[in-house]
Amino acid sequence: VVMHVAQLFYHCAPQTEIVHVVKALIRLLKSKRETQVIVLTNITTMSAKYRNLFEQHMKSFFVNASDPTHVRLLKLEILTNIATEANIGVLLREFQTYVYSSDKEFAAATVHAIGRCAADISEVTDVCLHGLMNLISTKDDTVVGESVIVIKKLLQMQSSDKSAIIKRMTRLLATVTVPLARASILWLVGEYVEKVPKLAPDVLRKMAKSFSTEEDIVKLQILNLAAKAWIVNNKKITLLVPYILAQAKYDLNYDIRDRERFIRKVLCPNSENPSPLEKYAKKFFMTSKPPPNLRSSFKNRDEYQLGSLSHMLNAGAIGYQSLPCFPEVAPDSSVRDVVDTSWVAQQREQRSNVFDTNNNHRSRSFYSSEGDSEDEESSDEEAESGSEEETDSEDESDEEDSSEEEDEEESDEDSSEESSEEEESSSEEVSSEEEFVKKPPPKSTKKAKTGQLLDFGEGPGEAVEFTAEVSTQPTTLDELLGGFGEMDLNTGPNYAIDLSRQSYELLHRMSGGGLGVDFTFPRSNAEMPGAVPINLIFNNTTDQPVTDVHMDDLEEKSGIKIEGFTKIPLISPGQSTQSTISINFNDTLQPAKFTLCSSKGRYPVKIQPPVGELLLPHVLMETEFDALRSKLSGMHEVESEVDNPGLDSSSLSQKVSEIAATSLCFSSAENSLKFSSITLAQKTELLITVVIGDKIKISVNTEAVVLGSMILKDISAAFAN
């Protein structure tokens, strides 16, 4: 039933309505394994089309040790589909565990998933590439081979210098045995032969020795590399290329023999008569190629109806009928007419009468006639008296003190007075049921007043008024440190920066009807845990007062919590005022959206913090810093190098402190600066290392890989400028 409803919503409902079937599908994952596989297959197709549909239930798809391989692959596909900038850090930590699984097929699929995440989310491309480079040094041939293939695809998508990575990968030719991985390395050397002109002849020399024992796919890439190296510089390989072509001429595979004849006719090595096609050789072999498109294998599976056998097999089953397209012309409105349910109503009335007869209890029926009014009134009076007796018995069992007994007596008196009023009333049309509904429940009302210590409103959706004062946080170094302005930066948190923070525009005065709003990040303590304090500066640029300034639409969205300021009753013409809000961004760079309201109108605004404002200084000793950095290696480390513009360590430390809220740690090395901090929400450690030389080398180690890569870019840009 759940799958049929999900199928209906997926194919017919708008995207905003499909969310109603998500929890039901997640609940089905706890059923039998056969059902679990079918549900996971359908969720995979749905997540490939609607990425944010299952993002909140990410942990439900984490792989368990008892899961079989096909279930693991489906869960891995779903996790890759729902990867975003907000959750990529958690997913990469999970993938790093999967890579070392004993299931080789699952480990190789995990490497491919890391490559897809790097291609889809540009902020983690360098991090994933660095982690994959570490995987190629493992002893598992399957993981190494898949890593090489993914690195090759990622390098095609990048425009940065690739020579260092290619040089490192060529060393693997002596150890890697996976044919596809060896062919990928040779393809990389041939594709970028102009950037590594000295490396290509040496690689070609080594591969010429093992040409006869290589697989066919490797032999083809050796021939391509020989042709490209000949075009770039044929002086160093004058004898080597003819030797390779001679071996390929007598190969058993006809594809290799055809490739050899084609290359020989185009290039004509060691031939006195040049070929007329030689001038087109560069267009034949070295034309630019489009980057690969790493996409989900379930992307095109939605051509089959969700939940069908054909969808499960990804092939058309016998008797399968595809869904018809939506009609271009609207059908007749008669198809939406309600079916006459008079027969159903008659059957329901008959069943109700039989039930009442067997139980000797006549209850009021929806389809009863006016002739039964006397019976109905008598039955209602009996029900009323019975309910009163039940209420009295419950009161007697629950009440334990004398005050509640008095309340019970008062309620009895009230009920007796009401019953006497009913007897004296001359109106026969008012039913006893209406009087029973109008009676106030005395017990529940009094308990609501005495039993609750705090009034939280009528429901969880009711807004709670928040009272806060205008921020009076210190703005100078001496006020912040409380007299410790002379603290040694090598032993304590690094606050020695100018706290006259940069201001950003939140609402332009033209858009706000004359009310302009700016905001700053004071780097002070927030009342809400894990939140960033933000100062809002309101400027009334009109000649009329602005009243009733407050915030609205503060509901939690995507894990972002907003704590507003107290309503500002009046801002005089030409005057400014300031208030402080707190926002918990949940360690993400997603903007916090809310509405600013005033007498001028309602204005939707958003605040997106600089990445450095999501951090909190964290003091570490040098030994603790080094130990933690050694743990946060591999995919948790990003590096960059910039030219040294002649800045000393003090200037570099100042620039890092301006970008991020960090603490300068003691460093025994003279040319090294070490900074440590933690994220505000998740308390994730983030370490920054700056090594000063002819070039400044910057390293960032953290599990929050998106924040780490963004901070690295900001620091590199600041040093370069």
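Keep in mind that the model is predicted. A search of the whole structure turns up eight aromatic pairs. Among them is Phe 95 with Tyr 98, a tilted pair with 6.2 Å from centre to centre and 45° between the planes.

**Phe 95 and Tyr 98**
- Both residues belong to helix H6 (residues 88-98), and because they are three residues apart there, about one helical turn separates them.
- Phe 95 is buried, with 0% relative accessibility.
- Tyr 98 counts as buried too, at 6% relative accessibility.

**Tyr 504 and Phe 521**
- The ring centres of Tyr 504 and Phe 521 are 5.9 Å apart and the planes meet at 70°, so this pair is edge-to-face; the cut-off for that label is over 60 degrees.
- This pair links distant parts of the chain, 17 residues apart: Tyr 504 is in strand S1 (residues 504-507), while Phe 521 is in the loop between strand S2 (515-520) and strand S3 (532-540).
- Tyr 504 is partly exposed, at 27% relative accessible area, whereas Phe 521 is buried, at 2%.

- Over at Trp 187, the charged end of Lys 152 sits over the ring, 4.7 Å from its centre.

Definitions and conventions. Residues are numbered from 1 along each chain as its sequence is written. This is a predicted model: local features need pLDDT of at least 70, side-chain atom pairs count only at pLDDT 80 or more; totals for chains, interfaces and linings use all residues. Side-chain values use heavy atoms; hydrogens and water are left out. Rings of Phe, Tyr and Trp (its six-membered ring) pair if their centres lie within 6.5 Å; planes under 30 degrees apart count as stacked, over 60 as edge-to-face and the rest as tilted. Helices (H or I, at least four residues) and strands (E, at least two) are DSSP runs, numbered from the N terminus. Buried means under 20% relative accessible area, exposed over 50%, partly exposed in between (1.4 Å probe, protein chains only). A charge sits over a ring if NZ of Lys or CZ of Arg is within 6 Å of the ring centre and within 35 degrees of the ring normal.
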